[in-house]
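Work through the exercises below with the model open beside you, and check each step of the solutions against the coordinates.

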Amino acid sequence: MRRPPPHPLPAPAVPPVTGDSIGALLRGLRRNRKLTQTALAEAAGLSLSGIGHIEYGRSALNVTTLWRLSIVLGLTDAEIVRIVRAAANWNEPPGGDDRE
């Protein structure tokens, strides 16, 4: 049986996500790269409404979508970590999924 390390591993050198939503992070990254929602959607092979739903917190971000966006936006590892941390804190909007 392996013993745990005597001290916890250091935290990654990525700023905390406090107060940032997935959508706000992605919107800021998109704007910093001078892309419109339309241009991002087309380049990532996603729908314009899908991008809008993610940016305004009406839809969760899945791994495939994050992968596509990270390629188009040229996200750094630190930026991806921030988005994943925000996703871990994501709460479904009141009313849940309205596609029923």
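## Exercise 1: helix H2

Glycine 45 follows H2 and has a positive phi, near 70°. This is a predicted model, in which local features need pLDDT of at least 70 and side-chain atom pairs count only at pLDDT 80 or more, while totals for chains, interfaces and linings use all residues. Residues are numbered from 1 along each chain as its sequence is written, and side-chain values use heavy atoms, with hydrogens and water left out.

Task: determine which residues of H2 are buried (under 20% relative accessible area, with exposed over 50%, 1.4 Å probe, protein chains only).

Solution. Begin with the buried positions of H2, which are Leu40, Ala41 and Ala44. Viewed down the axis of H2, these buried residues fall within an arc of 100° (taken from the directions from the helix axis to the C-beta atoms), so they line one face of the helix. Next, turn to the face of H2 that points away from the buried side, where the exposed residues Glu42 and Ala43 are found. Finally, list the partners: the buried residues of H2 pack against H1, H3 and H4 (contact means heavy atoms within 4.5 Å).

## Exercise 2: confidence

Task: find which elements have the lowest and the highest mean pLDDT (the predictor's confidence in each residue, from 0 to 100).

Solution. Start from the chain, which averages a pLDDT of 78, with 69% of the residues scoring at least 70. Then inspect residues 9-19, where pLDDT stays under 50. Where pLDDT is low, the predicted coordinates should not be read in detail.

Note on methods: Helices (H or I, at least four residues) and strands (E, at least two) are DSSP runs, numbered from the N terminus.
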